Amino acid sequence: MSDLEIRNRLWIHNEWRDAHSGRRFPTVNPATEEVITTVSEAGEADIGDAVASASEAFRSKAWRRMSAHRRSQLLWRLADLIEANADELGRLETMDNGKPYFESRKVDLTSVIETFRYFAGLADKIQGETIPVSGPFLNYTLREPVGVVGCIVPWNFPLNLASWKVAPALACGNTVVLKPAEQTPLTAIRLGELAAEAGFPPGVLNVVPGFGETAGAALVRHPDVDAISFTGSVEVGRTVMREAAGTLKKVSLELGGKSPNVIFADADVPAAIRGAAMGIYYGKGEVCAAGSRILVERSVYDEVVEGLVGRAGKMTIGDPMTDGTRLGAVVSEQQLDRVMNYIRLGVEEGATLAAGGERRTVDGKGYFVEATVFSDVDSQMTIAQEEIFGPVAAVIPFDDADHAIEIANDTIFGLAAGVWTRDIGKAHRVAGEIKAGTVWINTYNQYDAAAPFGGYKSSGFGRDLGLQSALDKYTQTKCVWVPLDG
Ligand code: ADP
């Protein structure tokens, strides 16, 4: 049997399992339209098994009494195993998602490994406080794990976003049930197997591929799941929050964005054009923080549009496994239709299609979309308001800093933003006034395991990455009182 005939099942209690229903679903390579393999489809009963395994592991001495130092070692060992298998994981990610291998292997995998190592370092540094209260008491706090954490992740950065949740959750002593997106389950399944090889006891990390409305919803509703850490769309985020209310779980949501990239006339304009193009075209624009609204001061508007059109033309479409490919396939046929529909709407609503706009194939196959630039976009147009999640830039003119801030905030979202100017006072003022969880000044799309990432407004709440966010999300505080007299 080939690897993918084994590594296409549920990973529960450190074992391969078929779904109780026996059902399987295909996972498709969007660049070739071929079925890579069929994967066991977790239903409610399988989610029940995975949660039971995680609950048992959470109570077990093997995990509860494991020293923090040992937990740290296991996380570090898992990072080493991911590194040793990074070529294979990168290939799997590219097959499942359609992104160029360079992005999977050099960017995503590097981040995954760093994330596990960063949180390996946190595991043995989690501590409480002693608090000087009134009266003869010793008062101190303990930072305890929350329990069973359900992690639900989307298809755009399958392993990377899984690591953003799994690594801190395990570092803090929780156990995890991870549900990958139905479009991209393969690297998450492999992560479960590698965690067992690293020495994590059975049940500490379970991986349950399946669909959102069934497997995902069952995880959110399950009474023995103590927290849900979700990344995905606003619509599903609302459902998750509503459904989690029944059992009052701790919820954190990292949702979509319509991030503004604001270019002032006093910026290093060529650098801003490069940054803005990378901000929207990297990862096919299937990036929560994609700089999909490019706001440009009027005096340099034409220059920036022309520059973006030039950059869009250089986003070579091709086989994602080939070196020169800059733009891979969008993740699925459904996503292709969605992106093409937004492009039609942009034209219908009166924006100027300055570059791209067409579906493409490679050797007659695949869901590719050209890097697209819309100019003369008004902030009220659909392509300026809704998250497209594709390589489509909406370029909007502005008059001055106040006008730029007004347009930048004219959205339900608040995930990220970029500001390009040489005036440092203006840069910091605008960064301060844009309602977004991350602001990049004279750069874009920078991430680090140590830097918290998450949204304002409808982009959600709670932060991934960073030390404090991990403690906030994956631990709870117990306050202990001890009388000292007598
Ligand atoms: P996207 O638009 O990026 O596909 P979704 O929000 O649809 O994002 O999906 C993100 C993740 O949420 C996926 O793993 C998906 O299976 C899961 N999901 C979808 N619907 C639900 C639901 N009702 N409850 C829980 N999880 C869900």
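This is a predicted model: local features need pLDDT of at least 70, side-chain atom pairs count only at pLDDT 80 or more; totals for chains, interfaces and linings use all residues.
Me: Hi! How much space lies in the largest pocket?
Reply: Hello! The largest pocket holds about 1500 Å³ of space.

Me: Which residues are the closest to its centre?
Reply: Those are W155, E182, Q183, S233 and V236, out of 49 residues that line the largest pocket.

Me: And which elements give two or more residues to that lining?
Reply: You'll find β3 (24-29), α9 (212-221), β9 (227-231), α10 (234-244) and α13 (333-348) there. The biggest share comes from α10, which gives seven residues, the most of any element.

Me: Nice. How does the lining of the largest pocket split by class?
Reply: There are 25 nonpolar residues in the lining, along with 13 polar and 11 charged ones.

Me: Which domains does the lining of the largest pocket draw at least three residues from?
Reply: Domain 1 (10-255 + 459-480) and domain 2 (260-450) each supply at least three.

Me: OK, next one. What volume does the second largest pocket have?
Reply: Its volume is about 510 Å³. The lining of the second largest pocket has 26 residues, and V107, N160, N445, Q446 and Y447 are the closest to the centre.

Me: Which elements give two or more residues to this one?
Reply: For the second largest pocket, they are α6 (101-123) and α7 (158-171). Here α6 gives the most, with seven residues.

Me: What about classes in the lining of the second largest pocket?
Reply: That lining is made up of 14 nonpolar, seven polar and five charged residues.

Me: Where does the second largest pocket lie relative to domain 1 and domain 2?
Reply: It lies between them, because domain 1 (10-255 + 459-480) and domain 2 (260-450) both give residues to its lining.

Me: Switching topic: how many cavities of 30 Å³ or more are in the whole structure?
Reply: A search finds two. The largest cavity has about 60 Å³ of space, and the second largest cavity has about 50 Å³.

Me: Which residues line the largest cavity?
Reply: The lining consists of G257, K258, I280, G285, V287, A290, S292, E387, I388, F389, G390 and V392. By class, that gives six nonpolar, four polar and two charged residues.

Me: And which residues lie nearest the centre of the second largest cavity?
Reply: P260, T411, F413, G414 and K435 do, from a lining of 14 residues. Seven residues of that lining are nonpolar, four are polar and three are charged.

Technical notes
Residues are numbered from 1 along each chain as its sequence is written. Side-chain values use heavy atoms; hydrogens and water are left out. On a 1 Å grid over the protein atoms alone, a cavity is a set of points where a 1.4 Å probe fits but cannot get out, and a pocket is an open set with protein on both sides within 12 Å along at least five of seven lines; lining residues have an atom within 4 Å of a point. Grid points are joined across faces, edges and corners, and a volume is the space filled by probe spheres set on the points. Helices (H or I, at least four residues) and strands (E, at least two) are DSSP runs, numbered from the N terminus. Ala, Val, Leu, Ile, Met, Phe, Trp, Tyr, Cys and Pro count as nonpolar, Asp, Glu, Lys and Arg as charged, and the others, Gly among them, as polar. Domain bounds come from an automatic or database domain assignment.
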